[in-house]
Amino acid sequence: MFKSFYQHELLFCYNILTPPKKGKGKLTKAQKATQHQEDEERRLQEEGEAKLQAEKEDQERLEGERKKKELEKLELKDQERREGELNELRHLLEENHTAVTTWKTDAEEKAKWDRYLHCDGSPDPAVQKDVNTYISLWREDPGVNMTLVLKQCTLALKLAEELEGLIRGNTDPKEGLKYQEGFILLQELIHHKHLLTTDEILQTAGANIDTETGNMQTVVKDDNITLCLWANLKKNSRFKGLHFEEAGLGFELPKQLAVSNIAVRILHTRYDHLSTLARMADLRINTPLPRSLAGGEEVPAEIPEQGETKREGGAVEDIEAQQQTVDEEVQSIQGHEGRKSAASVQSRKSSPQPPEGRGSRIETQMEALGAEGESTSPLGQRTVMDSSERVQTVDLLQYTPLGGVFYYNVFHLPPQAHQVNGWEIRQLLDKGLQVFPYPEEKSHSEETEAVTCPPVGVSVTLPDFVVFLETPHVARWDSAGKQWRMDGITDVSYEEAEAKISFKMDSFQALVLMQETYANLPFLSWELRPLGQDSALFTVNGALIDLSITIQGDQCMLQSDQESGLSHLKEKWMSGPALQRAMLNAGINIFVNEYTEKYVGTCGKDPLTEHAAYEQMALFTSACAFSWSKWNAKCGAEHLVMQVCEHWGPDSVPKGSWSLYLLGAQRSQKLEITEQSEAFSPDLYPGGEFHSTFIHMLQDDMSPEGVARPRGSSCLFVDTVQSLLCATRPLMYS
């Protein structure tokens, strides 16, 4: 009974604590009505949404069909006027080209006439006979007065610069070889004259002793060179080096040189003939030349110059006289440098030489060029480099030499002049100034002995007429290979605050400071806007430096916030090509060429489309401003995108005034997107049209006054702007 009672109590508690379960599927009428209403509302909403979606799709389909018909209509309209627009553009371009060509031809004729009237003793660089006569007369001049020689060198440098220009612009291989030959002979002679004046100064070093050091030290400067000379008269073993304060150049010597009978010369030339020789040598290696010009086969019988000379009856005499002149030049250089073997000279004498463009003779002249102390051994013979050496050869497309050449030489100190009873007695040496060999050559008995030749030091203050955007690289001249090399230079130290670089080398050689050619590319942005009629401002924000070029007619002027290195260029008007050369020489490169793409990333645009854009931009520069767009890199290789707006005055373009334009090979259009849009879209601007040319596209949004302004533009201004755009190619490299 107790058990039954206990079970009853548990069942009672369970019934109290457990709520009753609802019946499944049993809803009240109110609940059923509510659920039915919700289902009906959901059905109606879905039907409404489906209807709206269908209506939207119908609208989009109709809008697409309407746009398609409108685009077809616009394309048909563009096709109908295409021929007229292209003819008008072609006429404008041809008219400008003809006018510019006529002007340039007249300018060249006037320059030739002015040269003829000037009569300053400078020969016509295009006439080889005149150049050879000039070189022969100057070589025979015995004068060694420093002032007079420097004046003569200034005239010779001007002639060398003109020859360089002819070499750059020449397309005829035969003519090019003639210009190269004249340039090499002239360069050799200038170098030879510097050696003669150096020898003259060193022979009287004893009469110009510095009282503090007991040695002779002097600095000679003009617009083209800085000559630093030091004669070791005291031979103090504690001597470490010397810094020429006024020249910003210095050197350090090891002990064995400090006690030797030597003289040290640092000759800084603002010009760089060695890099020109390196490019010429590379051109000869990589460019196939006619065999007759290389001296390997007979010269064709019919050469106009030879025929005319033969009819005058002086061919043989002229050739022999010319050959004798060159032979004397080589022997002269050989006597002062000791770098040319008698066998090579004899070989050149006995080989047949065509009178025009002697390829073999040019190579001989280049081999004879080796400057004093420019190789690691007294024998400057051409050697074959292994693969590890070739890696160190400087690529003159990737690097640009800046600031001229620093010739670092050590010579035997010549016998000193003596004063006896009012007479000056000198001992004259047949061989002239002699290179002091360092490092010293090992004799056969010393081959097993360790000969230590510590490196020599150099310090150079960066020239104030160039800009180094980055830490400069140092290269040495390899006279055997006719190239610059970056190996063999150690302990490089650059003091940016003092703009001074110091380093050490194993030997005395010619040096140059270099910078990466395309360090300022690609551009971050650019803008071309008018300042007035036939006046514009081209602004480039480069990777390392920003600058602007003002264009007025056919003249250009550089503007930059760069404090040093550009003082000789700022606020000076010059022609476009002249400004380009001056900027490159100063280390400011915003210009490109056919090799740039190898070193700099591009937008990969079609060159023909790009060139056509520059032509038309130049036509409308007096009325429109053009600017960089970020969408240019997103629109594909076959299209270009830029910002444009009508703008006349010198003020900056107001924000919000720009419009985007898409240019292609077949047509141009205004875009609906802006520079601030989230994604690129080629959709046509509402109400816009297609045009076959860019300038006709621009005219749709321009005022009548703006459309009329380009018609008054000077052909020279248009050509200058177009040349600047083609030289910088901002649509490709930004």
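Modeller: Two strands pair if DSSP finds at least two bridges between them; the strands are DSSP runs of E with at least two residues, the helices are runs of H or I with at least four, and both are numbered from the N terminus. The model is predicted: local features need pLDDT of at least 70, side-chain atom pairs count only at pLDDT 80 or more, and totals for chains, interfaces and linings use all residues. Residues are numbered from 1 along each chain as its sequence is written, and side-chain values use heavy atoms, leaving out hydrogens and water.

Biologist: How do you know that β18 and β19 pair?

Modeller: Strand β18 (residues 555–560) and β19 share 2 bridges in the antiparallel sense, and pairing needs at least two. Q555 stands opposite S575 in β19.

Biologist: What makes β19 and β23 edge strands?

Modeller: The open sheet has 9 strands, ordered β19-β18-β17-β16-β15-β20-β21-β22-β23, with antiparallel pairing. β19 (574–575) and β23 (668–670) each pair on one side only, and that makes them its edge strands. Helix α14 (residues 607–619) packs on this sheet, touching β15, β20, β21 and β22.

Biologist: At what angle do α3 and α5 pack?

Modeller: Helix α3 (residues 128–140) and helix α5 (residues 173–203) pack at about 15°, with axes 10 Å apart. That makes α3 roughly parallel to α5, because angles under 35 degrees count as roughly parallel. The angle runs from 0 to 180 degrees between N-to-C directions, with axes fitted to C-alpha atoms over the stretch in contact.

Biologist: Which residues of α3 meet α5?

Modeller: With contact meaning heavy atoms within 4.5 Å, Q128, V131, N132, Y134, I135, W138 and R139 in α3 meet residues of α5, including L185, L186 and L189. By class, this contact has 8 nonpolar, 3 polar and 4 charged residues. Ala, Val, Leu, Ile, Met, Phe, Trp, Tyr, Cys and Pro count as nonpolar, Asp, Glu, Lys and Arg as charged, and the others, Gly among them, as polar.

Biologist: Why is K482 called buried?

Modeller: K482 has a relative accessible area of 5%, and buried means under 20% (1.4 Å probe, protein chains only), so K482 is buried. K482 sits in the loop between β10 (473–478) and β11 (483–485).

Biologist: What makes the phi of K482 worth a look?

Modeller: Most residues other than glycine have a negative phi, and most peptide bonds are trans. K482 is not a glycine, yet its phi is positive, about 50°.

Biologist: Which peptide bond at P439 is cis?

Modeller: The bond from Y438 to P439 is cis, with omega near 0°. P439 lies in the loop between β8 (423–425) and β9 (456–461). Another cis peptide bond joins L521 and P522, with omega about -5°.

Key. Angles under 35 degrees count as roughly parallel, over 145 as roughly antiparallel, 65 to 115 as roughly perpendicular and the rest as oblique. Buried means under 20% relative accessible area, exposed over 50%, partly exposed in between (1.4 Å probe, protein chains only).
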